[in-house]
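Dear colleague,

Please find the structure below, together with its sequence. My notes on chain A and on its interface with chain E follow.

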Amino acid sequence: MAFRKFLPLFDRVLVERFTPETVTKGGIMLPEKSQGKVLQAKVVAVGPGAVNQKGNLQPVSVTVGEKVLLPEYGGTKVSLDDKDYFLFRDGDILGKYVE
Amino acid sequence: MAFRKFLPLFDRVLVERFTPETVTKGGIMLPEKSQGKVLQAKVVAVGPGAVNQKGNLQPVSVTVGEKVLLPEYGGTKVSLDDKDYFLFRDGDILGKYVE
Amino acid sequence: MAFRKFLPLFDRVLVERFTPETVTKGGIMLPEKSQGKVLQAKVVAVGPGAVNQKGNLQPVSVTVGEKVLLPEYGGTKVSLDDKDYFLFRDGDILGKYVE
Amino acid sequence: MAFRKFLPLFDRVLVERFTPETVTKGGIMLPEKSQGKVLQAKVVAVGPGAVNQKGNLQPVSVTVGEKVLLPEYGGTKVSLDDKDYFLFRDGDILGKYVE
Amino acid sequence: MAFRKFLPLFDRVLVERFTPETVTKGGIMLPEKSQGKVLQAKVVAVGPGAVNQKGNLQPVSVTVGEKVLLPEYGGTKVSLDDKDYFLFRDGDILGKYVE
Amino acid sequence: MAFRKFLPLFDRVLVERFTPETVTKGGIMLPEKSQGKVLQAKVVAVGPGAVNQKGNLQPVSVTVGEKVLLPEYGGTKVSLDDKDYFLFRDGDILGKYVE
Amino acid sequence: MAFRKFLPLFDRVLVERFTPETVTKGGIMLPEKSQGKVLQAKVVAVGPGAVNQKGNLQPVSVTVGEKVLLPEYGGTKVSLDDKDYFLFRDGDILGKYVE
């Protein structure tokens with residue numbers, strides 16, 4: 001697994017976006033243009049956290065495996081093992097889905 | 001309920017805007033253009049708060065269920081269970097209505 | 001009273017501008033264009049104050065009922081019970097009138 | 001006296017500019033255009049000072065009655081009792097004249 | 001070795017980019033235009049770290065020999081012994097590859 | 001002396017620029033255009049220093065009488081007793097000449 | 001020596017750029033246009049360091065005589081005894097060459 005071999009630095013979080021829905025509920029195939037941008041993602045790796053002004057490590061607020069809501073813009077695309085992931089700063093992630 | 005399953009991060013507050021009035025007091029239907037932008041909203045979920053410079057958590061200043069006044073601009077629209085909510089930073093919420 | 005039901009957050013101050021003079025000292029009616037912008041206002045509600053870097057609450061420097069001088073620009077208009085009020089940050093209020 | 005009734009907030013200083021010279025040393029009347037902008041002013045009221053990051057009040061560095069040198073730009077004109085005064089931040093005042 | 005003789009200052013990290021692939025898996029030579037920008041690099045020298053607000057040295061988060069992922073933009077090209085290296089701030093390096 | 005009567009505030013330093021050379025070493029008069037901008041100046045008055053974040057006074061790093069090197073741009077011209085002086089922030093002065 | 005008489009203030013570092021190579025290894029004279037910008041320099045004087053937020057002096061990270069690598073842009077040219085030197089902030093110097 002790619003996320004095993006890559007460790008984000010500081011407060012960066014590596015996420016994998018969910019795949020957009022390509023078929024409507026009624027069964028009709030959606031062209032790529034009509035597929036919405038997917039803002040939901042799964043956390044696959046987290047950095048150790050940023051160092052605050054007192055010199056202490058501030059851990060990130062999400063953990064590997066959690067499902068998060070991403071902001072519409074921002075993030076850095078990184079390719080690991082021919083698969084696309086995205087790096088977001090911990091503070092830019094909007095929220096997480098809890099059961 | 002959607003807000004049960006979504007947890008905003010840091011000092012973000014998830015609100016649900018009140019529905020605009022579609023009928024005047026005199027009973028006349030208002031077209032969508034004439035319906036004012038609704039700045040009043042109900043808090044449906046709050047983040048744990050931001051971490052201040054001393055590394056301590058600073059809780060948000062509103063609680064779930066409170067009726068708040070939103071600024072005219074800003075906020076991030078998020079769709080949860082096909083319903084529109086808005087995320088605001090705690091510090092951007094103008095005030096709250098108390099009984 | 002509207003200000004009873006609305007609580008500004010953080011260091012925000014809710015003020016009610018004084019009504020512009022519509023008649024000159026000599027008794028002549030002033031058209032709306034000639035009425036100056038009123039920068040004097042009465043404080044009707046104050047927030048609990050902003051939280052400083054040490055995590056302590058810094059109370060606002062004005063109190064309800066005081067007459068203050070507003071800056072010419074800035075402030076957020078809010079309508080409460082069909083009456084216009086303005087929200088200013090405590091630090092943006094220029095000064096206050098004391099007896 | 002106007003400055004008795006007005007109290008600047010935070011580190012604001014209320015000053016009264018000196019009147020520009022309207023007659024040359026040789027006795028010739030100066031038209032208004034030729035009268036230089038007066039940067040010297042007398043302090044008529046001072047705020048209690050700004051609150052620093054430790055939450056302590058930092059008093060302003062000038063006192064009522066002192067003659068100060070103003071920067072060429074900046075300051076906020078305020079009218080008190082039909083007389084023009086100017087509000088400057090304490091830190092924007094360039095210096096003071098001492099005997 | 002060049003990196004032995006050059007010591008980056010503060011939180012700067014000297015890296016050597018990996019060489020772009022010039023032959024496809026199928027054995028076809030790639031023209032220079034088709035060679036992707038290489039974002040993977042090896043750390044060849046690190047600064048002592050930046051000094052934080054408390055006056056203490058904050059060591060950098062990577063060590064010599066580690067394989068890191070660079071951001072697409074930024075970095076300063078430096079030539080040492082006719083070979084190109086790049087200086088990045090520690091905080092700008094996206095992550096590192098661990099075995 | 002003018003600098004006796006004027007006290008700069010905070011970390012401001014009052015300097016008097018040296019007069020530009022108007023004659024070349026060979027004895028030729030220089031027109032005003034050819035006279036270089038003089039960046040060397042003598043300190044004539046210093047402020048008490050700026051207040052740092054801990055609320056303590058940070059004295060300025062130059063003293064009255066020292067010869068300093070000014071930056072090419074910046075500084076505020078002030079006229080005292082019909083003579084031109086310049087105010088610079090302590091941190092903007094590039095260096096000083098020591099014997 | 002000029003650097004004996006000039007003391008940079010705060011965290012400024014006075015450097016002397018190395019002279020560009022004017023002859024190729026093969027012995028051909030290089031026109032001025034073809035001579036590269038020299039980014040290597042020798043430290044000739046250093047300031048006492050900047051004062052950090054705790055009010056303590058933070059010494060600069062280079063010492064007189066060290067060979068440093070300058071950034072391509074920035075720095076302030078100063079002429080001392082008809083010779084050109086450059087002032088850089090300590091934090092802008094990229095690195096130093098160690099034996």
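Two strands are taken to pair if DSSP finds at least two bridges between them. In this predicted model, S1 of chain A and strand S9 (residues 95-97) of chain E pair in the antiparallel sense, over three bridges. Within that pairing, A:Leu7 stands opposite E:Lys96 in S9(E).

Chain A itself has one helix and nine strands. Of the 99 residues in chain A, 38% are buried. Among contacts in chain A with a separation of 6 or more, 62% are between residues 24 or more positions apart. The C-alpha trace of chain A spans about 55 × 30 × 25 Å along its principal axes.

Turning to the interface, 18 residues of chain A are in contact with 17 residues of chain E. The size of an interface is often given as the accessible area lost when the parts come together. Between chain A and chain E the buried area is about 1,400 Å², and carbon and sulfur atoms give 59% of this area. On the chain A side, helix H1 (2-5) and strands S1 (6-8), S7 (76-80) and S8 (83-89) each supply at least two of the residues that touch chain E. By class, that side of chain A has nine nonpolar, three polar and six charged residues.

Five residue pairs are found in polar contact, with both residues at pLDDT 80 or more.

With kind regards

Note on methods:
Residues are numbered from 1 along each chain as its sequence is written. Chains are lettered from A and ligands numbered from 1 in the order in which they are written. This is a predicted model: local features need pLDDT of at least 70, side-chain atom pairs count only at pLDDT 80 or more; totals for chains, interfaces and linings use all residues. Side-chain values use heavy atoms; hydrogens and water are left out. Contact means heavy atoms within 4.5 Å. Buried area is the accessible area (1.4 Å probe) that two parts lose on being put together, summed over both. A polar contact is a pair of N or O atoms within 3.5 Å; within protein, one must be able to donate a hydrogen and the other to accept it, and residues adjacent in sequence count only if both atoms are side-chain atoms. Helices (H or I, at least four residues) and strands (E, at least two) are DSSP runs, numbered from the N terminus. Ala, Val, Leu, Ile, Met, Phe, Trp, Tyr, Cys and Pro count as nonpolar, Asp, Glu, Lys and Arg as charged, and the others, Gly among them, as polar. Buried means under 20% relative accessible area, exposed over 50%, partly exposed in between (1.4 Å probe, protein chains only).
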